[in-house]
Amino acid sequence: MESPEASPSREATATATAPERPSEAVALRALVDRVRAGEVDAAREVRRLTRASSRHRRKLAAAVEPLVAMLRSAAPGAGEAALLALLNLAVRDERNKTKIVDAGALEPLLGYLQSSDLNLQEYATAALLTLSASSTNKPIISASGAIPLLVKVLKEGNPQAKNDSVMALYNLSTVTDNLQTILSVQPIPPLIELLKSGKRSSKTADKCCALLESLLVFDQGRVALTSEEGGVLTIVEVLEEGSLQGREHAVGALLTMCESDRNKYRDIILNEGAIPGLLELTVHGTPKSRVKAHVLLGLLRNSPYSRSKLQSDTLENIVSNIASQIDGEDHGGKAKKMLAEMVKVSMEQSLRHLQHRASFA
């Protein structure tokens, strides 16, 4: 999956593909010289020119080193101007991403992550999100000590900073060795809180669930999730209401739990009313989602409830039928019929699910 990064501010793009004029080349060199001289307005001009122009990002790459130096300046507004200019230079430009890190930007950026100025913290988080989209930068950022600070932003930052910190942590989590480091600073409670407070179908929810799916490979992650009030329920809600990608990660997270210890986690998942969402996913999910949903339904097939509470067509039989028949020729008709049966016989689970949801609203 492609690593996400921050988006530049939108403005007119008419200059993005225009040929460079000799006078413009002179003006750009002069602008870089002004940045070297520490002019804050020059950094703001770099930001403006690179906001929507990939050509200007290339032509102004020489401004990276003096802008990184400006990050450390005590002049009023200098740090913010340099930070925003570097952010725009890095967006969708792999060379500039690596150049910024090589120029020593991480140390001052980590300082801004700890700033009491929430705007500076937000901009630094966006910068780390963009820089961490580069595979070359990921191990360097990981070794810098950024992960605990990003989790702290996830817990305490403003809404945009929290969203960007999740994206940055997701980028860094694709380096497998980082997963234990991320887990060690207890990210699961704030991830669940962010899922609860936002739209289940958002890109942020997608990345929250992707990160959770990776972290639940570890027993520490599973214990943290099940210890969090409404933790499993929140994942079930993404399973029902999320985007296609979010639902794929949500079913993957639940499957990871159940495969790790079926006896321990099967009842927990069933009690949160996961069955209707799983059944719908076998029909309407991505190819990966459909496979994962089938496997998870198989693991959940032995009902924890006494058979006297179920109709003669038990949960076990219906789920078994779905697993064996859903890919048959009469795909739509069978799926609809069995989904209707499943909703009917899982009334107790669904009622419990609604009661839980109401208590966390």
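I began with the cavities, and noted that the largest cavity has a volume of about 60 Å³, in a model that is predicted. My search of the whole structure had turned up two cavities of 30 Å³ or more.

I then listed what lines the largest cavity, and found Leu71, Leu86, Leu87, Ala90, Ile100, Ala105, Leu109, Ala127 and Leu131. Sorted by class, this lining comes to nine nonpolar residues, with no polar and no charged ones. I looked up which helices take part: H5 and helix H8 (118-131) each supply at least two lining residues, and H5 gives the most, with three.

Next I turned to the largest nonpolar core, which holds 98 residues, and in which Leu67, Leu254 and Leu278 touch the most other members. Leu86 was already in my list for the cavity lining.

Last, I recorded the chain as a whole. The protein chain has 23 helices and zero strands, and of its 361 residues 53% count as buried. Taking contacts between residues at least 6 apart in sequence, I noted that 72% join residues at least 24 apart. For the surface, I wrote down that the protein chain exposes about 16,300 Å², of which carbon and sulfur atoms supply 50%.

Notes
Residues numbered from 1 in each chain as written. Predicted model: local features only at pLDDT ≥ 70, side-chain atom pairs only at ≥ 80, totals over all residues. Heavy atoms only, no water. Core = buried A, V, L, I, M, F, W, Y, C linked by side-chain atoms within 4.5 Å. Buried < 20%, exposed > 50% of the residue type's maximum accessible area, 1.4 Å probe, protein only. Helix = DSSP H or I, 4+ residues; strand = E, 2+ residues; numbered from the N terminus. Contact = heavy atoms within 4.5 Å. Areas by Shrake-Rupley, 256 points an atom, 1.4 Å probe, with all protein chains shown as cover. 1 Å grid on protein atoms, 1.4 Å probe; cavity = no way out; pocket = protein on both sides within 12 Å on 5 of 7 lines; lining within 4 Å. Points joined across faces, edges and corners; volume = space filled by probe spheres on them. Nonpolar A, V, L, I, M, F, W, Y, C, P; charged D, E, K, R; others polar.
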